[in-house]
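Let's walk through this fold one piece at a time. Have the sequence and the 3D view open as you read.

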Amino acid sequence: MRLHKGLLVTVAIALAAAAQAQERTLKFATQNPKGHPIVIGMEKFAELVAAKGGGKLKVQLFPGGVLGGDQANVSSLQGGTLEMASMNSGILAAQVKEFGIYDFPFMFASSKEADTVVDGPFGKSMHDKLEAKGIIGLAYWELGFRNITNSRRAINKVDDIAGLKLRVIPNAINVDWVKALGANPTPLPFPEVYAALDQKAIDGQENPVTVINANKFYEVQKYLALTRHQYNPQSVIFSKKVWDSLSAGERKIITDAAGEAGKVERQAAREQEGQALDNLKKNGMQVTELSAGELAKLREAMKPVIAKHSEIVGAETVSALQGELAKLRK
């Protein structure tokens, strides 16, 4: 009987060791297609995790919205059936209202400004708010500055935007700024955008040039206006349910890899911007830019929207971000 007990103990120890050494695969989803800077960042992340984790941690990528839209990804993350996702930080306002600030028009004047703010105490404090909603914020990557495309007419002045039916990210501030310009906002999950443009269910949409190019919107859109009206940081987020089951070592590997891969992703985004614009022109898109006077008019039209959403987001968050920006602009 003693031998039998000893054998059982040995088997139990062996099983525990095997379970500990068990491979774990992390599913990582995005709306962006292969070749886009976000997916380049994800590929780098997978490579780093495999190397740092000694092959025990693996990352499986799901680009192109194959696991559904952003809100579906957030639900899966909260339920623990999806480990990771990358999405516009502003989309997370559906979970934590303060994230609406990341969609404020004309908030950041440059990518450098945005990097300093989101990588600093402000960005961290924002990601910390997600934990109560079952989400861990790992890092900020970049989608970039957004621009407007449409199939009806060239946009040379703000008034040219009026009357256009534009797809927006499904959240309140995006609906409001499009309405403020006299256009008709149509909230749609990203995987549905190309078909809606193709079928003329909508006239246009707004996104960074890298997204417009990677998704071949030039096939269904003729006009591009370089408005740079919003800057989108991307939150790389993780399921808290899964996070709680990881060892401290695994968490460190994932956190470090997300930060390192973010540098690669941002560099790719900035390098690709010029190439993407050239390709859009090559594929027949007519590109326009607003004059300084028209841009001033656009900013003016956005002011009531910013005032309204400052109340929703909360004075504390708005003043914290404005304080960070004021320091940088001294």
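A quick word on the ground rules. The model is predicted, so local features need pLDDT of at least 70 and side-chain atom pairs count only at pLDDT 80 or more, while totals for chains, interfaces and linings use all residues. Residues are numbered from 1 along each chain as its sequence is written, and side-chain values use heavy atoms, with hydrogens and water left out. Helices (H or I, at least four residues) and strands (E, at least two) are DSSP runs, numbered from the N terminus.

Helix α10 covers residues 248–282, and α2 packs against α10 at about 150°, with the axes 8 Å apart (axes are lines fitted to C-alpha atoms, for helices over the stretch in contact, and angles run from 0 to 180 degrees between N-to-C directions). That's why α2 counts as roughly antiparallel to α10 (over 145 degrees; under 35 is roughly parallel, 65 to 115 roughly perpendicular, the rest oblique). Among the residues that meet here are Phe-45 and Leu-48 of α2 and Ala-261 and Val-264 of α10.

Now look at the sheet. It's an open one of 5 strands in the order β2-β1-β3-β10-β4, with mixed pairing (two strands pair if DSSP finds at least two bridges between them). At the edges sit β2 (57–62) and β4 (135–145), each pairing on one side only. Neighbouring strands are turned by 20° against each other on average, direction ignored. Helix α2 (residues 37–52) packs on this sheet, touching β1, β2, β3, β4 and β10 (contact means heavy atoms within 4.5 Å). Helix α3 (residues 70–79) lies across β1, β3, β4 and β10, at about 145° to β3. Within the sheet, β4 and β10 pair in the antiparallel sense over 9 bridges, and Ile-136 has Phe-238 as its bridge partner in β10.

Elsewhere, β6 (residues 165–168) and β7 (residues 184–187) pair in the parallel sense over 4 bridges. The chain gets from β6 to β7 through helix α6 (residues 172–180), in a right-handed β-α-β crossover (with the strands pointing away from the viewer, the path from the first strand over the helix to the second runs clockwise).

Finally, α6 has a helix partner too: the axes of α6 and α11 (residues 292–313) come within 9 Å and cross at roughly 150°.
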